[in-house]
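The sequence and structure come first.

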Amino acid sequence: CSSSTKPETGSLSGKIILVNDTGDPALDPIDYSGITVALYDLATLDTTIVRINNEYPQIGVQINQETEFDHRLQNPLRVITTDSTGNFKFSAINLGRYNLVIFKEGWSIIYLHEIIISKGDNFLNTASPLIMQNQVELYPAIELEPTVTKDIHFKTNHTYIITNNTLILEKSYIEPKSLILINPNARLNLAGEISYKQDEGFWRVSSLYGFYSTQRQNEIEQFDTISLEYQNSPAIIKNLIMDYANNGLKSGQNALTVNNCIFRKSLSSTLTITAISANVEKILLCDTYLKGLIAYNQMTLKNSIFVRNRESCMLNQSPAIIENNYYYGSYLGIRTYIIQAEIKHNCFDKNSVAIAPSAASPNISYNNFYDNDRDIEMNRGGVSTDPGYCNPIITYNNFLGNKFYIHLKGNNSIYGDGYIPFLGVNSDQIYPYNYLIEQDLTNHIYDSNYPNSGIVYQVIMYPRLSSLNISAGIKR
């Protein structure tokens, strides 16, 4: 063959206009030139989360281009700026689906996901079902004052900038596709009521760093935190995507509900709950560097996914119910301290330690443990002044891995990681009615029977189930 076939291509045209809806005539645009329009490949979806989404669609958040695409993490395929009338045109684009980013310094940032490029000429209103006409409107970015003393509306397709520590004293009305960007080392404090225009559609809080640029960022600086100090009523946080926080979301003392949210790439802690009671359901928490969810009071945690965190859940004297969650690839899945907790109908896979009681005796039942280094590791209080021990109830679980099912000596006390390991029990332990895939438990139970362990207590796992417990794991 002496000739080659070039791939079929198409063009993309559209118009971007600047709309001043602030009432401040100083922001009226002179023309529509200089608006950046950048074309990107689709974001690659995390295969682990996609697998869990497919296997258990009733838990966590179903990820897609809206939840996963961040233009700061990719190089653009094409970048163009609009002319004075706001028009732009990309030529010779390979056919397929793409993400489009539109922004101008001082104005809002718009993401259009899964733009379809077909053969021939394409226009915004034909390439994206979200565009009714062949144009997109950008609105002035709103920089919030340090103290906001009136109700504030976070509007669809609007961008809000937090440059310094900001306190909102009155109501916050949240609309889908609103974007709050926080300067590194700044924080946002919501002291008033939070309400939502509709139940569907995400709003996003992220670091301001690198957002008004098409240059790929190798590292993104974290903003400090969002604090809730709501005074008059319980707070509801739902449909939130938060990434690149330092201390993430911190609750106040009133009751808290967190539902259908994504938290990722936090530096220190992600979700700190000091509320008198909390209900956390259908969240995705992933890729945090230190702490994931930390609870200090009564909490129910259900139907959520935790992936690749240093420590996914810390129950610090929290009488929690932990049910129907998936923990994958973390150093610690759940660490519980002192107070009784119910840990049931969860899945744990490829964690270094799935569950680490610390001076605690949780009820651990009906869980599936897959390929963890240590499924359940016992930890003492950690220091001589706090010699608390563990005596958990462990029944009706499936232990399906080939490493340690039970480990009686751990170094994951509440006082920190990396201490000399402490023996976590002060008596023999009896854990009946579990299914254990390995017949010989000598190398899978770290107790007095393990070679050279030096431990005087043993773990008795009889009677044991002869077949897989089909009632264990996440409820479908």
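Leaving aside residues up to four places away in sequence, F263 touches L240, M242, L249, V258, T270, L271, I283, L284, L285 and C286, where contact means heavy atoms within 4.5 Å. The model is predicted: local features need pLDDT of at least 70 and side-chain atom pairs count only at pLDDT 80 or more, while totals for chains, interfaces and linings use all residues. Residues are numbered from 1 along each chain as its sequence is written, and side-chain values use heavy atoms, with hydrogens and water left out.

F263 is one of the residues with the most contacts inside the largest nonpolar core, together with I237, L256, I283, L293, M299 and I406. That core has 74 residues. A second, separate core holds 22 residues, including V37, W107, I117 and L138. A nonpolar core here is a set of buried Ala, Val, Leu, Ile, Met, Phe, Trp, Tyr and Cys residues joined through side-chain atoms within 4.5 Å. Buried means under 20% relative accessible area, exposed over 50%, and partly exposed in between (1.4 Å probe, protein chains only).

## The chain as a whole

The protein chain has 476 residues, of which 53% are buried. Its secondary structure comes to three helices and 47 strands; these are DSSP runs numbered from the N terminus (helices H or I, at least four residues; strands E, at least two). The C-alpha trace spans about 80 × 70 × 35 Å along its principal axes. Of the contacts between residues at least 6 apart in sequence, 51% join residues at least 24 apart.

## Charged pairs

Side chains of opposite charge can pair when their charged atoms come close. The count of salt bridges in this model is 20, a salt bridge being a side-chain nitrogen of Lys or Arg within 4 Å of a carboxyl oxygen of Asp or Glu. Three of them are listed here.

| Pair | Closest N to O distance |
|---|---|
| D70 and R72 | 2.8 Å |
| E193 and K171 | 3.9 Å |

E193 is partly exposed at 39% relative accessible area, and K171 is partly exposed at 33%.

## Backbone details

Most residues other than glycine have a negative phi, and most peptide bonds are trans. K177, in the loop between β14 and β15 (179-182), has a positive phi near 65° and is partly exposed at 36%. N185, in the loop between β15 and β16, has a positive phi near 75° and is exposed at 66%.

The peptide bond from Y462 to P463 is cis, with omega near -5°. P463 sits in the segment after β47 (459-460). Another proline, P25, is in the loop between β1 (9-18) and β2 (36-40) and is exposed at 60%. The C-alpha atoms of P25 and G96 are separated by 41 Å, and the two residues are 71 residues apart along the chain.
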